[in-house]
Amino acid sequence: MNENLFSSFITPTMMGLPIVILIIMFPTLLFPTPTRLINNRLVSAQQWLAQLILKQMMMMHSPKGRTWALMLISLIMFIGSTNLLGLLPHSFTPTTQLSMNLGMAIPLWAGTVITGFRYKTKASLAHFLPQGTPVPLIPMLVIIETISLFIQPMALAVRLTANITAGHLLMHLIGGAALALISISPTTALITFIILILLTILEFAVALIQAYVFTLLVSLYLHDNT
Amino acid sequence: MPQLDTSTWLVTIIAMILTLFVLIQLKFHKYSYPLSPAPKTFKSTSFPTPWETKWTKIYSPLLLPQQ
C-alpha cells in the first residue's frame with residue numbers, strides 16, 4: 001500500500017537512464033521563441049501574460065531590483081507550467097522533489113541576501129533588529145531574527161514540495177476510494193467522485209498559487225535587500 | 001518517502017539548474033515589447049542664420065550670378 005501510494009514520486013529512470021532530465025526540460029518546449037514582429041496567437045498570448053505578470057511584480061522594485069526581472073518571470077513560468085503539467089494523469093511532477101525545490105530556493109535566496117550585503121551592508125544588517133525594541137531583549141531578538149532569516153530558503157522549498165505532494169496524494173487516495181466504492185455503493189461513489197472534481201479544481205488553483213507565492217517571496221526578499 | 005532518496009538528487013538539481021537558468025531564460029529574453037509605430041518628429045538641431053530664415057529667390061542655383 002505504501003509502496004503503491006508513493007510510487008508516482010520516485011524519480012523516473014528508464015533502464016538506468018535518468019529521463020527525469022527530459023521531463024524537467026519539457027515545459028520549455030511549450031514556450032516557443034518569438035521570431036517575428038507580430039507573432040502567432042500562442043506566442044502573442046504568452047507575451048501578453050508575461051507582460052501582465054512583469055508589470056505587477058516589478059512595480060515595487062527599485063531599478064537595481066528590476067535587473068532581476070528575467071529571473072523572476074522565468075521562475076514563475078517554470079514553476080507554474082511544471083505544476084500544471086503535473087496534473088495530467090500518470091505524469092511526473094518535478095516540483096514534488098525536495099531536491100529541485102531546494103536547488104531553486106537556496107541559490108535565489110542567497111543571491112538576494114548577498115546582493116543586500118554588497119550594496120547596502122548597514123541596512124541589510126539592520127534587518128536583524130526591528131525598530132523600537134527594549135534594550136534587554138536585544139540579544140534574544142537578534143538570535144530570533146537570524147534564525148528566521150536562515151529558515152527562509154528551507155521554508156520556500158518545503159512549502160512548494162509539501163503543497164504539491166499533498167495535493168497529488170489526496171487525488172490518488174480519493175480517486176482510488178471512488179473506484180473501490182463503485183461496486184459497493186454507487187451513491188457514495190458519486191459523492192466521492194464529486195469530491196474528486198472539486199479537489200482537481202483546487203489543485204489547478206494550488207498549482208498556480210504556489211508558483212506565485214514562491215516568486216512573490218523571492219521578490220520580497222529582493223526588495224528588502226536592494 | 002521517495003523524495004528523500006538522495007541518490008537522484010544530483011541529476012535532478014543539475015537538470016533543474018540547466019532548465020531554469022539557461023533554457024527558459026533564453027526563451028524569455030527574446031520577448032520584445034515595441035512601442036506602437038508612430039512617425040518620428042523632425043527636430044533640427046541647427047538653427048537657420050538670419051539670412052536663411054526666409055527663402056529668397058536669389059538662392060535658386062540657376063539665378064546665381066554665373067561664373
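Tutor: A polar contact here is a pair of N or O atoms within 3.5 Å; within protein, one must be able to donate a hydrogen and the other to accept it, and residues adjacent in sequence count only if both atoms are side-chain atoms. The model is predicted: local features need pLDDT of at least 70, side-chain atom pairs count only at pLDDT 80 or more, and totals for chains, interfaces and linings use all residues. Side-chain values use heavy atoms, without hydrogens and water, residues are numbered from 1 along each chain as its sequence is written, and chains are lettered from A and ligands numbered from 1 in the order in which they are written.

Student: OK. Which side chain does the side chain of Gln152(A) make a polar contact with?
Tutor: That of Trp109(A), at 2.9 Å.

Student: Which residues is Gln152(A) in contact with, leaving aside neighbours within four places in sequence?
Tutor: Trp109(A) and Tyr221(A). Contact means heavy atoms within 4.5 Å.

Student: Where is Gln152(A) found?
Tutor: In helix α8 of chain A, residues 138–181. Helices (H or I, at least four residues) and strands (E, at least two) are DSSP runs, numbered from the N terminus.

Student: Is Gln152(A) buried or exposed?
Tutor: Buried, because its relative accessibility is 19%. The cut-offs are under 20% relative accessible area for buried, over 50% for exposed, and partly exposed in between, with a 1.4 Å probe and protein chains only.

Student: New topic: α3(A). How many residues does α3(A) have?
Tutor: α3(A) has 18 residues. From first C-alpha to last, α3(A) reaches 25 Å, close to the 26 Å expected at 1.5 Å a residue. The expected span is 1.5 Å times one less than the number of residues.

Student: Which residues in α3(A) are buried?
Tutor: Val43(A), Gln46(A), Gln47(A), Ala50(A), Ile53(A), Met57(A) and Met58(A). Down the axis of α3(A), these buried residues fall within an arc of 130 degrees, so they line one face of the helix. The arc is that of the directions from the helix axis to the C-beta atoms.

Student: What do the buried residues of α3(A) pack against?
Tutor: α4 (63–66), α5 (69–85) and α9 (186–225) of chain A. The face turned away from the buried side carries exposed Arg41(A), Trp48(A), Lys55(A) and Gln56(A).

Student: And Leu42(A), where is its place?
Tutor: In α3 of chain A, residues 41–58. Leu42(A) counts as partly exposed because its relative accessibility is 48%.

Student: Why is α5(A) called largely enclosed?
Tutor: Because 14 of its 17 residues are buried.

Student: What about His90(A): where is it found?
Tutor: In the loop between α5 and α6 of chain A. Phi of His90(A) is near 65 degrees, a positive value in a residue other than glycine. His90(A) counts as exposed, at 86% relative accessibility.

Student: Now the interface. How many residues of chain A are in contact with chain B?
Tutor: 35 residues of chain A, with 26 residues of chain B. The two chains bury about 3000 Å² between them, 78% of it on carbon and sulfur atoms. Buried area is the accessible area (1.4 Å probe) that two parts lose on being put together, summed over both.

Student: Which residues in chain A lose the most area to chain B?
Tutor: Thr28(A), Gln47(A) and Ser99(A), together 17% of what that side buries.

Student: How many salt bridges across the interface of chain A and chain B?
Tutor: The rule finds zero. A salt bridge is a side-chain nitrogen of Lys or Arg within 4 Å of a carboxyl oxygen of Asp or Glu. The rule does find eight residue pairs in polar contact across the interface, both residues at pLDDT 80 or more. On the side of chain A that touches chain B, the largest share, seven residues, comes from α5(A).
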